[in-house]
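Hi everyone, and thanks for coming. I'd like to take a few minutes to walk you through a structure that may be new to you.

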Amino acid sequence: MEKKLVISSANKIKKTPQKIVFDIFNFIIISFLTISCIVPILNVLAYSFSSSQAIVENRVTILPVEFTTQAYEYVLKDSRFWRSMVVTLERVVLGVPLNVIMIALVAYPLSKSEQRFPARKYYVAFMLCVMLFSGGMMPTYFIVSKTGLIDTLAALILPGAVPIFSCIVLMNFFRGVPEEIEESARLDGANPLQILVQIYLPISLPSIATVTLFALIGHWNAWFDGLIYSNHTTNYPMQSYLRTIVVSTTDAMQNADIDTILALLNVNETNMQSAQIFISIIPLMIVYPFLQRYFTSGLTVGSVKG
């Protein structure tokens, strides 16, 4: 009975004028931010489905004008696009788990105190230097070339297998885990790998989801390394292939058949770029809600049980 009275009295609490003004202000700010994020996407989508003439005449806003799918047809009809999609999927399937594993293996020992890991500060200083001052494009290319990785999937994965920023993010999260948990596990006979896999990773879901998202976006959006480390277009990831479409449009018209030339006449650089941008973000739009679920659930996982 007492519990019901408390609940009913809580429901009868009226909002103060200050609280109402605060809620209205928050609603306006969030609505403005939401619109500012949605409108550019709608504009890109409208450009991708609009005719070349409508784009030239600047008649396209957030709705397609003279609806056409010519840009998508040109992008999707080539078998090289589907081959590049397969390369990108292989890169994501192999690269993202490798990134997460390497990040966890690096972050766990570096999260320990200097009493347990005296050389920790030297490794952290080295990682910061590597993050701020890279070796450059040419030394990296020579390493990839001399190790025989040119025109292989490994050339797209191994050079960035240990993202330093993500290691620092996970390392700082691991440092917040109470040491008593690890001490209890060691007393029960657990080794460091068991402690990492069975204790640290399950209670670090928010950070794991964050670094996984970073790795996924990094692999999916990468295009420059595909151009550098691949001598044949059949080995290009999707972003590298899409990057070459606009650049090679003129050459394609000079050496193409009648059907291809007619298709190219109905598109221009703007709706071609819009089509490839929208194609690129569709998988991320599909995957992100699932990672967002892990963000939310991971925040509710406690590290100490009373």
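I'll begin with the whole chain, then go through the core, some helices and a few single residues.

Please keep in mind that this is a predicted model. The chain has 306 residues, and 34% of them count as buried. What is it built from? There are 17 helices and 0 strands. If you take contacts between residues at least 6 apart in sequence, 71% of them join residues at least 24 apart.

Now for the inside. The largest nonpolar core has 45 residues, and those touching the most other members are Phe 81, Leu 170, Phe 174, Tyr 200 and Met 238. Which helices supply at least two residues each to this core? They are α4, α5, α6, α9, α11, α12, α14 and α17. Helix α5 gives the largest share, with 10 residues.

Leaving aside residues up to four places away in sequence, Leu 170 touches Ile 103, Ala 104, Ala 107, Ser 207 and Ile 208.

That brings us to a helix pair. In general, two packed helices are described by the angle between their axes and the distance between the axes. Helix α5 covers residues 79-110 and helix α12 covers residues 205-221; their axes come within 9 Å and cross at roughly 145°. Is this crossing left-handed or right-handed? The crossing of α5 and α12 is right-handed. On the α5 side, the residues making the contact include Met 85, Leu 89, Val 92, Val 96 and Ile 103. From α12, the contact residues include Ile 208, Val 211, Ala 215 and Trp 220. Sorted by type, the residues of this α5 and α12 contact are 11 nonpolar, 5 polar and 1 charged.

Next, two helices with a clear buried side. In α4, residues 70-77, the buried residues are Ala 71, Tyr 72, Tyr 74 and Val 75. Looking down the axis of α4, you find these buried residues within an arc of 160°, so they line one face of the helix.

Helix α11 is the other one. Its buried residues are Ile 195, Leu 196 and Tyr 200. Why do we say they share a side? Because they cover an arc of only 100° around the axis, which puts them on the same side of α11. What do these buried residues pack against? Their partners are α5, α9 and α10. The face of α11 turned away from that buried side carries Leu 193 and Gln 198, both exposed.

Let me turn to some backbone details. As a rule, most residues other than glycine have a negative phi. Asn 58 is not a glycine, yet its phi is positive, at about 60°. You'll find Asn 58 in the loop between α3 and α4, and it is exposed, with a relative accessible area of 61%. Glu 66 also has a positive phi, near 55°. Glu 66 lies in the loop between α3 and α4 too, and at 45% relative accessibility it counts as partly exposed.

One last stop: Gln 273, in helix α17, residues 269-299. Gln 273 counts as partly exposed, at 33% relative accessibility. How far apart are Gln 273 and Arg 243, in sequence and in space? They are 30 residues apart in sequence and 8.7 Å apart from C-alpha to C-alpha.

How values were computed:
Residues are numbered from 1 along each chain as its sequence is written. This is a predicted model: local features need pLDDT of at least 70, side-chain atom pairs count only at pLDDT 80 or more; totals for chains, interfaces and linings use all residues. Side-chain values use heavy atoms; hydrogens and water are left out. Axes are lines fitted to C-alpha atoms, for helices over the stretch in contact, and angles run from 0 to 180 degrees between N-to-C directions. Helices (H or I, at least four residues) and strands (E, at least two) are DSSP runs, numbered from the N terminus. A crossing is left-handed if the near helix is turned anticlockwise from the far one by less than a right angle, and right-handed if clockwise. Contact means heavy atoms within 4.5 Å. Ala, Val, Leu, Ile, Met, Phe, Trp, Tyr, Cys and Pro count as nonpolar, Asp, Glu, Lys and Arg as charged, and the others, Gly among them, as polar. Buried means under 20% relative accessible area, exposed over 50%, partly exposed in between (1.4 Å probe, protein chains only). The arc is that of the directions from the helix axis to the C-beta atoms. A nonpolar core is a set of buried Ala, Val, Leu, Ile, Met, Phe, Trp, Tyr and Cys residues joined through side-chain atoms within 4.5 Å.
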